Structures are given as structure tokens and as C-alpha cells.
Amino acid sequence: MNRLLKENGRVLAFGAHPDDLEVGAGGLLARLSAEGAEVTMAVVSIPNNTEKRKAEAHAGADIIDANLFILFEEKPLRVEDIPMHELVRRFDQIVGDTRPDLVITHSAFDLHWDHGLVNRATVSALRRTPCDLLAFLSSPEMNAQSRAIGQCFADITSTMETKIAAIKAHESQVAKLDLDSSRDLARAMGRISGYEYAEAYEALRVRV
Ligand SMILES: [Zn+2]
């Protein structure tokens, strides 16, 4: 994975809701940030409890040491409430502003409808942008029947605890988020890939 990113590279990650990026890609984002990349987390919408979840999103991004943008933060919203052309227009803007070397987004195989929409909007927004593109499943257990993801693996041994801390920052969701299963999954992905802890990604576009 190191070879994917030049030093001082720019990373842009799209998550449908607060906590999706911490759960799906928090280890890699924290690692790239620690290695000197400029990491931006773009959270599309906040479905409920706006002020509380906005504060949690900022706390999570601070732990990962990433910039945070909440793209539609004015009122409670699901991604499916946003017209696709409006979503892509907003993604276009942030891609133009951040000029990423690497983009990380939801997988098209994610069974959560909002997550799939974010995948489609990301691919559309990158139509003229040369960059690498990886996709994650935000909750692989819930996606057990979808195609298994994992063409490439990120070593997150050095940032496993940071990832857990960033997930914990989402206090209002912690009852729903199973911290043990995040760790178990990272250990299982690590066993496949030869690291202590790993996150699995689908390589949608990789320049070597
Ligand atoms: Zn989500």
C-alpha cells in the first residue's frame, strides 16, 4: 500500500454517514496521515441527531488527524434524499478543491442503499481525475452475503488503537458499533495478508 501514495500525497475519503469511514477505513486513514499525507474525510449526510453527530464526526476526524467536511449538514438527511446530480456536483467541488492522489469510498457491493449511492457518485465525480481509487465495506458482517471484498490489504497494525478510539468518538452510536468485531475482523484480515491487523479494500483504480 505504501507504493500507492507518494510522500505528501493527498487522500480524500467519502463516507455516507458519520462513523462509516472510521469503521471501514479508519486504520488506513490514520496511518496515511501519520506518514505525512494530507487526509480529508468527506461525510455526506447526518441522518439524525444533527448537532451531536456533527460533534462526534469532528472528534473522530481529530483522532485520525484528518480534515473533515460534512457535505450536507443543514438538516437531517439520508443520501437517497439528495438528487444524484446534486450529489455529484458537490463531490466534483470537493475533488476539485482537494486534488486527491488517492480516493477511498464505499463499495458498490455494500448492501446499504446510501452507501451504494456514494460509490456511484464518487466514480462519477472522478471521471476526469487521474487518481487511485479504493473501496471498503463499512460493515462487512452485515454484508456477508455480498461479494467478499479484499483484493488488497492495508497494514493497520500501527493504527489499530487509533481506529478503535476514532470509532469510540461516535458515542451515540457505540451501542450499535461492535468494537470487538472491528478488532476481530482486522485480525482476520491480517491473518490472510500477513499483518497483525489489516483492513481489506477493493482496488477499483490503481496506478503502478
Ligand atoms: Zn452509513
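Visitor: In what order do the elements of the protein run from the N terminus on?
Guide: The protein, a predicted model, contains 6 helices and 7 strands. From the N terminus on, these elements follow the order β-α-β-α-β-α-β-α-β-β-α-α-β.

Visitor: What radius of gyration does the protein have, against that of a compact globule?
Guide: The C-alpha trace spans about 40 × 40 × 35 Å along its principal axes. A compact globule with 208 residues would have a radius of gyration near 17 Å, and the value for the protein agrees with this: 15 Å.

Visitor: Which strands are the edge strands of the open sheet?
Guide: The open sheet has 7 strands with mixed pairing, in the order 3-2-1-4-5-7-6. From one strand to the next, the twist averages 30°. An edge strand pairs on one side only, and this applies to strand 3 (67-72) and strand 6 (152-155).

Visitor: Which residue of strand 4 is the bridge partner of Leu12?
Guide: Strands of a sheet pair through backbone hydrogen bonds, either parallel or antiparallel. Strand 1 (residues 10-15) and strand 4 (residues 102-106) run parallel and are joined by 3 bridges. In strand 4, the partner of Leu12 is Val103.

Visitor: Which strands does helix 4 lie across?
Guide: Helix 4 comprises residues 113-125 and runs at about 150° to strand 4. The strands that helix 4 lies across are strand 1, strand 2, strand 4 and strand 5 (132-136).

Visitor: Are helix 5 and helix 6 roughly parallel or roughly antiparallel to each other?
Guide: The axes of helix 5 (residues 160-168) and helix 6 (residues 179-193) come within 11 Å and cross at roughly 150°. Angles over 145 degrees count as roughly antiparallel. Helix 5 and helix 6 are therefore roughly antiparallel.

Visitor: How many nonpolar residues does the contact of helix 5 with helix 6 have?
Guide: Helix 5 passes helix 6 in a right-handed crossing. Helix 5 contributes Met160, Ile164, Ile167 and Lys168, while helix 6 contributes Leu179, Ser182, Arg183 and Ala186. By class, this contact has 2 charged residues, 1 polar residue and, as the number asked for, 5 nonpolar residues.

Visitor: Why are helix 1 and helix 5 oblique to each other?
Guide: Helix 1 (residues 20-34) packs against helix 5 with the axes 8 Å apart and an angle of about 140°. Angles over 145 degrees would count as roughly antiparallel, and 65 to 115 as roughly perpendicular. Helix 1 and helix 5 are therefore classed as oblique.

Visitor: How many polar residues does the contact of helix 1 with helix 5 have?
Guide: The crossing of helix 1 and helix 5 is right-handed. Glu22, Val23, Gly26, Gly27 and Ala30 of helix 1 meet Met160, Thr162, Lys163, Ala166 and Ile167 of helix 5. By class, the contact has 5 nonpolar residues, 2 charged residues and, in answer, 3 polar residues.

How values were computed. Residues numbered from 1 in each chain as written. Predicted model: local features only at pLDDT ≥ 70, side-chain atom pairs only at ≥ 80, totals over all residues. Axes fitted to C-alpha atoms, helices over the stretch in contact; angles between N-to-C directions. Helix = DSSP H or I, 4+ residues; strand = E, 2+ residues; numbered from the N terminus. Parallel < 35°, antiparallel > 145°, perpendicular 65-115°, else oblique. Left-handed = near helix turned anticlockwise from the far one by under 90°. Contact = placed C-beta atoms within 7 Å. Nonpolar A, V, L, I, M, F, W, Y, C, P; charged D, E, K, R; others polar. Pairing = 2+ DSSP bridges. Rg over C-alpha atoms; globule rule 2.2 N^0.38 Å.
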